[in-house]
Amino acid sequence: MKQIISMFITLVIGLIVAYFASNLNKEFVDLRYTISEKIPTKYIESSTAETVQQLVVKNNGNIPAEKTQIKIKGEIVEYDILKNSVSDKVEEHYSNGHFEAIYPSLPPGAQFSYIFKTSGMGLTKSLIEITHNKGKGTEALSSDVVSTASKVGSFATLALVIFYVVLLVIQGRSIAIDRLESSGSYTGFYEYLSKSKPFYVSQEKWNSIRRKYIEKMSKVENFHLTDIEELESYKILNQDKPGYLSVDEWELLKEKTMKSLVDFMSYSIKTSSHFNNLSKYFTIKKPVHFPDNQWKEIAEDINNNFIVSRKLNERFYISSEEIIKELNVGMPNGMSPVHWANYKEYLLKRYYEIICRKILREWEPIVFLRDVDLSILEKEQQNSLNDLAYKIQLTNFDNISSIYEAEHFLKGEKPEWIKSEDLTKLVKRAEKYTDLENLITRYQSLLGALHNIANKIPLKEKPDDIIKDKEWNDIKELEHRTAAIAIEIEEDKAELEISKEETKKLKNKILQQLEIVNNILTEPNSIDRIEPYNNPFSKGNFENLQKISNLLNN
C-alpha cells in the first residue's frame with residue numbers, strides 16, 4: 001500500500017512538474033496597461049475643464065510584443081510619449097477625437113507610457129483599445145490577472161483534494177505552506193521576513209518563499225501615495241542591512257525596492273502638474289543605498305518634467321502678474337541652477353510676448369506701459385516694447401485727413417509723449433491742408449471775378465485777403481480795358497448807323513471783332529491764330545487784346 005501511494009504521489013508530482021514546465025517554457029506575450037486617475041489642470045472662465053492622465057503599457061510576457069496598436073476615442077488636447085528606447089519610431093495620428101499610435105516592438109519586461117491632456121470627461125478604459133501581433137492587451141488590474149503563486153496554490157489545492165484522504169498530513173503541510181506564502185500579500189516587510197523558519201518547511205522551500213516575497217517588492221503597491229519618504233521601498237533603501245536577511249537576500253531586496261522606487265517616482269513626476277506637488281521632489285534626499293548615478297538621472301527627470309509641466313500649463317493659463325510673482329519667489333529649493341536658468345529664460349520670453357500682445361490691443365499703449373514692470377527684461381527688450389507702444393499710439397493719434405482735422409490739430413494742445421520730429425511732421429501736414437484750402441478759395445474768387453468781367457457785371461470791392469493786391473489790380477485793369485473796348489465798339493456801331501454803305505462793313509468788322517474778343521475771353525491763346533490780313537482791330541486795340549490775352553493766360 002505504501003509503495004502504491006508512493007508511486008501515485010510520484011506520478012502526480014511528475015504531472016504537476018510537467019504541467020508547470022510546459023507553462024513556464026511556453027512563449028507568450030502578456031501586454032498589460034494602466035490608465036491613471038484624472039488630474040485636473042487650472043480653469044479659465046467660460047472654458048472647458050482639462051485634465052492630465054497617464055497610460056502605461058508594459059509587456060509581462062517572455063517574447064517581444066510586435067506592432068502594439070493603441071486606439072483611443074476622446075478629446076485629446078495634447079499628448080507626449082515616454083519611449084522604452086529613444087530610437088523607437090512610433091507612428092501617431094490624431095483626428096476628430098480619434099487617437100491612434102503604433103509602437104514597433106516592446107521587449108519582455110519593457111514598457112512605454114503616454115501623457116494625455118484631455119478636455120471634457122477624460123479617458124476611461126472603455127475608450128481605450130490596445131492590440132498586438134499576438135492578441136489584445138488587457139488592463140493590469142482586471143480580473144483575468146492571475147499570478148504564478150495563485151496558479152500554484154490552485155493546482156496545489158486541487159492536488160491536495162485528490163490526496164485528502166490518504167495524504168492528510170501532507171495536505172495539512174501544503175495548506176500551511178500555502179497560507180504562509182499567501183500571507184505575504186498582506187503582511188509587512190519586517191513582520192514577514194523576520195519570522196523564524198517553521199518546522200514543517202524545508203530550508204530550500206523557506207529560502208524560495210522568502211525570495212518570492214522579496215521579488216514582489218519590485219511592484220508599486222500604491223501610485224497615489226503623496227509622501228515618497230513614507231514608501232516602504234524608500235525606507236528599506238535608507239537603512240542598514242537587517243540581521244534577519246542574508247547577504248544575497250539583502251542584495252536582491254535592494255535591487256527590487258530600487259526598481260519599485262524608480263517606477264513610482266517615474267510615474268509621480270510625470271503625472272504631477274501642480275507647482276507644489278512638483279517642487280516637493282526637489283527636496284527629497286537620496287536613500288543611502290541608492291546609486292549616485294541613477295539618482296542623478298532621477299533628479300534630471302524631476303527638473304525636466306517640472307519645466308515641461310510648467311510650460312504646458314503656462315502656455316494656456318499664465319499671466320504677466322503670475323510670471324512676476326514666480327520670478328520674485330525665485331528658484332525652488334533643490335532645483336538645478338542650470339534648469340532654473342533655462343526656465344527663467346522661458347518665463348522672461350513669455351512675459352515679453354504677453355506684454356507685446358497687450359500693447360497691440362491698447363488704444364494708448366504708452367499709458368499702459370507706465371504701469372508695467374519692465375525692469376525684469378533686458379534693455380533691448382524694454383526699448384523694443386517702448387518703441388512698439390510709441391509707434392502704435394502715434395498711428396492712433398495721426399488721423400489728419402481733412403481741413404477740419406488739420407485746423408483742430410493746429411489749434412489744439414500737443415501731447416507730451418510725442419517726439420519733436422514727429423510733431424513737426426504732423427504740423428507740416430496740417431499746414432499743407434490749410435494752404436490747399438486757401439488756394440482753392442483764392443482761385444474760386446479769381447474765377448468769379450473773371451466771370452463778372454466777361455458778363456459786364458461791375459466788380460465789387462476786394463472780397464478778402466485771400467486775393468493778393470497785385471492780382472486784384474490786374475483784374476481791375478482788365479475790367480477797365482474790357483469796358484473801354486466795349487465803349488469803342490458801341491461808338492463804332494453808332495457811326496455805322498450814320499453810313500448805310502459802311503454799315504455792312506462795320507457790322508462785319510464788329511462781328512469779327514466781337515468774335516475775336518469772345519474767343520480771347522474763352523480761349524486767350526486764340527489771338528495767336530489771327531493773321532495780319534484778317535485783323536479787324538487797330539494796332540493799339542489789337543495790342544490791348546494781346547495784353548488781355550496775356551492777363552488771362554497768367
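Predicted model: local features only at pLDDT ≥ 70, side-chain atom pairs only at ≥ 80, totals over all residues.
**Overall composition**

The chain comprises 18 helices and 11 strands. Of its 554 residues, 37% count as buried. Among contacts between residues at least 6 apart in sequence, 68% join residues at least 24 apart.

The table sets out the geometry of the two pairs.

| Helix pair | Residues | Axis separation | Crossing angle |
|---|---|---|---|
| α3 and α5 | 168-182 and 203-215 | within 10 Å | roughly 25° |
| α10 and α11 | 320-329 and 337-361 | 9 Å | about 155° |

On the α3 side, the contact involves Ile-177, Leu-180 and Glu-181, which meet Lys-205, Trp-206, Ile-209 and Lys-212 of α5. By class, the residues of this contact divide into 4 nonpolar and 3 charged, with no polar residue.

Helices α10 and α11 pack at an angle of about 155°. Angles over 145 degrees count as roughly antiparallel, so α10 is roughly antiparallel to α11. Here α10 passes α11 in a left-handed crossing. From α10, the contributing residues are Ser-320, Glu-321, Ile-323, Ile-324, Glu-326 and Leu-327. Helix α11 supplies Trp-340, Tyr-343, Lys-344, Leu-347, Leu-348, Arg-350, Tyr-351, Ile-354, Ile-355 and Lys-358. The contact of α10 with α11 has 10 nonpolar, 1 polar and 5 charged residues.

**Helix α13**

Helix α13 covers residues 379-397, a run of 19 residues. The buried residues of α13 are Gln-382, Leu-385, Ala-389, Tyr-390, Ile-392, Gln-393 and Leu-394.

**Ser-549 in helix α18**

Ser-549 is found in helix α18, which runs over residues 539-553. The relative accessible area of Ser-549 is 2%; because the cut-off for burial is under 20%, Ser-549 is classed as buried. When residues up to four places away in sequence are not counted, Ser-549 touches Ile-520, Pro-524, Asn-525 and Ile-527.

Note on methods. Residues numbered from 1 in each chain as written. Heavy atoms only, no water. Helix = DSSP H or I, 4+ residues; strand = E, 2+ residues; numbered from the N terminus. Expected span 1.5 Å × (residues − 1). Buried < 20%, exposed > 50% of the residue type's maximum accessible area, 1.4 Å probe, protein only. Axes fitted to C-alpha atoms, helices over the stretch in contact; angles between N-to-C directions. Contact = heavy atoms within 4.5 Å. Nonpolar A, V, L, I, M, F, W, Y, C, P; charged D, E, K, R; others polar. Parallel < 35°, antiparallel > 145°, perpendicular 65-115°, else oblique. Left-handed = near helix turned anticlockwise from the far one by under 90°.
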